[in-house]
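Please have the sequence and the model open while reading.

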Amino acid sequence: MQRRRFRHALYAAPALALIALFVYYPIVENIRLSLFKFSVFQPGMRYVGLENYRQALQDPVFWKALANNLCYAVTSVVFQVGAALVLAAILEAVIGQRLRGLLRTVYFIPAAVSMTVAGLLFQFLYQPDAGLINSALDTLGLGRFAHDWLGDPDTSVWGVINMSQWQSFGYTTMLLTVAVQRIPRELYEAATVDGAGRIRTFFAVTVPMVREMTTLLVILTVSGAFLVFNEVMVMTGGGPSNSSQTLGTWLYASAFTGDDMGYAAAIGTVMFAITFVAGAVQLLHSRRKAVAA
Amino acid sequence: MTLTLHKPAPADTPPAAPAARRGPARSGSVVLRILTYCGLAALAVAVVYPLCWMALSGLKTNGEIFSDPWGLPAHPDWGTYADAWHQGVLGYLLNSALVTAASVLAVVLISAWAAYGLTRLAIPFSQPALLLVLGAMMLSPTVALVPLTQLLQALHIYDTYWALIVLYTAFKVPFTTFLVRAYLLGQPVEVEEAALIDGASRWQTFWRVVVPMARPILVSAALLQALFSWNEYAFALVFITDDRLKTLPVGLADMAGRLNSDWPMLFAGLTIAALPMIVIFLVAQRHFVRGLSEGFGK
């Protein structure tokens with residue numbers, strides 16, 4: 001009997017081994033490494049305690065990166081959860097079945113395109129001379145607003161954030177449509193009978209009924225925003241003058257350009273802490289839900 | 001990811017009575033309705049136009065792109081697409097295809113085994129094991145770039161295909177196991193029990209009963225994994241330095257640096273890179289939506 005139980009364990013063994021070695025071990029090791037100063041080119045590691053964390057507190061780029069991640073998180077929640085939910089509700093309420101499927105598919109297409117492709121494409125759309133955005137502004141007589149979007153430190157990070165909204169809102173709209181479809185129709189009928197208008201119905205029926213999905217999406221979006229890497233690397237490389245740096249790209253720059261591996265590990269630990277808290281909140285939330293249900 | 005594991009409900013169920021379904025819309029005025037349609041159409045154009053523009057720009061000349069960015073190509077030049085293909089896009093494409101195929105296969109197999117073990121079999125320490133798998137969903141890949149570099153070097157797989165295959169698999173096994181487990185929990189066990197009584201081994205039961213039964217969720221898990229592996233950038237940038245092994249996302253970014261003045265070539269390359277996943281998604285759309293809604297529970 002006991003033998004068979006251990007043989008059964010073989011089914012889960014590959015998954016557990018992979019996760020332990022490549023997911024858990026690096027996270028723990030990362031925390032340890034963040035207490036050292038070391039370089040790829042020199043042997044030996046010097047224990048410095050919390051020095052790397054103090055370095056982060058005094059590093060203006062670290063704070064700029066953190067602020068950028070926050071902007072990213074707030075904008076993404078507004079568009080990818082808020083606006084996407086309104087869109088999902090409109091698609092469900094107003095549009096016929098076939099057209100709804102078509103639109104949902106169209107909106108999703110950018111999500112199937114890689115961040116690299118989207119980033120390089122938008123780099124051209126933002127181009128100061130021939131880019132579509134400036135030339136559209138010109139045509140509309142708004143030429144005075146045209147400028148070098150990614151080259152200006154005041155707008156560079158917004159250029160990146162904007163591209164990311166274009167790319168991702170279709171994905172969340174799709175998930176939210178699925179959630180909206182599961183709301184029992186009787187609730188809408190009851191709302192209509194009670195004389196609730198469309199906006200009332202949205203807030204009184206739709207929003208509370210999809211709360212589980214929106215909570216999930218808020219957490220996924222927030223952790224995603226704190227891990228942003230690819231689009232920044234491709235579009236601006238964190239520049240100009242670190243204006244669009246995020247924690248992820250600053251980690252990369254510190255490790256592989258600045259060769260300050262311990263400092264990079266410390267930034268990684270900060271990112272880990274932020275996303276872990278987001279995940280833990282989610283876990284507790286769904287636990288409570290499960291118990292209540 | 002939510003851990004409430006309900007019995008999955010069927011998604012996209014066609015409404016019993018279309019009129020009742022559309023209920024609240026009936027009262028809307030015609031003007032409002034037209035405005036809504038216009039808004040939705042405008043949004044669709046804003047989403048798709050840049051991609052069409054990208055594909056068209058691959059057929060233009062550099063001069064045309066700069067002098068008349070909105071115009072159609074005067075003399076469409078398909079040669080640019082062929083050039084981009086030979087400029088390295090083909091190599092990147094093959095690398096991406098290899099890494100994606102291998103990690104899709106590995107993640108689906110390993111996760112299906114784990115999900116089966118954790119739902120249907122008596123395993124020692126199954127509760128802690130489950131927690132270990134599902135808890136890993138909260139840990140994200142990019143934070144540990146420094147120790148992962150050292151680990152891959154110690155294992156002698158740094159700068160090989162294996163680095164990407166192993167990492168893409170390891171980081172997605174937790175979520176995929178979660179999806180498959182949620183699905184299996186909603187399925188009846190009677191057929192499996194019948195197979196076992198008829199003398200099938202656990203292994204045979206898994207392959208002949210469980211895998212066919214779980215096909216919908218396995219297909220959507222495979223799609224999600226393909227999307228992830230095909231587009232992943234951070235690992236591919238840090239752990240692959242050999243130009244011959246680079247995958248599409250990193251290869252294209254390199255190419256953009258090399259060809260900073262030849263925009264048509266770059267756009268052709270980008271279009272070639274974007275097309276496979278768009279096509280796969282369009283073909284497998286229904287499975288994808290269904291799998292997502294089942295996987296995410298209620």
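A residue is called buried when its relative accessible area is under 20%, exposed when it is over 50%, and partly exposed in between, with a 1.4 Å probe and protein chains only. By that definition, buried residues make up 55% of the 298 residues in chain B. This is a predicted model, in which local features need pLDDT of at least 70 and side-chain atom pairs count only at pLDDT 80 or more, while totals for chains, interfaces and linings use all residues. Side-chain values use heavy atoms, without hydrogens and water; residues are numbered from 1 along each chain as its sequence is written, with chains lettered from A and ligands numbered from 1 in the order in which they are written.

**Chain B**

- Chain B has 13 helices and zero strands; helices (H or I, at least four residues) and strands (E, at least two) are DSSP runs, numbered from the N terminus.
- Of the contacts in chain B with a separation of 6 or more, 77% are between residues 24 or more positions apart, where contact means heavy atoms within 4.5 Å.
- Chain B exposes about 12,800 Å², and 67% of it is supplied by carbon and sulfur atoms; accessible areas come from the Shrake-Rupley method with a 1.4 Å probe, and for residues only the protein chains shown count as cover.

**Chain A**

- Chain A contains 13 helices and two strands.
- Its C-alpha trace spans about 75 × 75 × 30 Å along the principal axes of chain A.
- In chain A, 56% of the 293 residues count as buried.
- Residues 24 or more positions apart make up 68% of the chain A contacts with a separation of 6 or more.
- The accessible surface of chain A is about 12,700 Å², with 67% belonging to carbon and sulfur atoms.
- Helix 12 of chain A (residues 247-257) is mostly covered, with nine of its eleven residues buried; among them are Leu247(A), Trp250(A), Leu251(A) and Tyr252(A).
- Asp259(A), which follows helix 12 of chain A, has a positive phi near 55°.

**Nonpolar cores**

- A nonpolar core is a set of buried Ala, Val, Leu, Ile, Met, Phe, Trp, Tyr and Cys residues joined through side-chain atoms within 4.5 Å.
- The largest nonpolar core has 167 residues, and Tyr107(A), Phe235(B), Phe239(B) and Phe267(B) have the most contacts inside it.
- Helix 4 of chain B (residues 79-120) gives this core its largest share, 16 residues.
- A second, separate core has 18 residues, including Val81(A), Leu85(A), Val205(A) and Leu217(A).
- Beyond its neighbours within four places in sequence, Phe239(B) is in contact with several residues, including Leu145(B), Leu148(B), Tyr158(B) and Asp159(B).

**Aromatic rings**

- Rings of Phe, Tyr and Trp (its six-membered ring) pair if their centres lie within 6.5 Å; planes under 30 degrees apart count as stacked, over 60 as edge-to-face and the rest as tilted.
- Over all chains, the whole structure holds 32 aromatic pairs.
- Phe202(A) and Phe203(A) form an edge-to-face pair, because their ring centres are 5.1 Å apart and their planes are at 80°.
- Phe202(A) is buried at 14% relative accessibility, whereas Phe203(A) is exposed at 55%.
- A cluster linked by ring pairs contains Tyr11(A), Trp113(B), Tyr116(B), Trp203(B), Phe206(B) and Trp207(B).
- The charged end of Lys172(B) sits over the ring of Phe228(B), 4.4 Å from its centre; this requires NZ of Lys or CZ of Arg within 6 Å of the ring centre and within 35 degrees of the ring normal.

**Ser34(A)**

- Ser34(A) lies in the loop between helix 1 (2-33) and strand 1 (36-37) of chain A, and counts as buried at 0% relative accessibility.
- The side chains of Ser34(A) and Tyr53(A) are joined by a polar contact of 2.7 Å. A polar contact is a pair of N or O atoms within 3.5 Å; within protein, one must be able to donate a hydrogen and the other to accept it, and residues adjacent in sequence count only if both atoms are side-chain atoms.
- A polar atom of the Ser34(A) side chain lies 2.6 Å from the backbone oxygen of Ile31(A).

**Thr241(B)**

- Thr241(B) belongs to the loop between helix 11 (234-239) and helix 12 (248-258) of chain B, and is partly exposed at 48% relative accessible area.
- The side chain of Thr241(B) makes a polar contact of 2.8 Å with the side chain of Asp159(B).
- Thr241(B) and Tyr158(B) are 83 residues apart in sequence, with their C-alpha atoms 9.0 Å apart in space.
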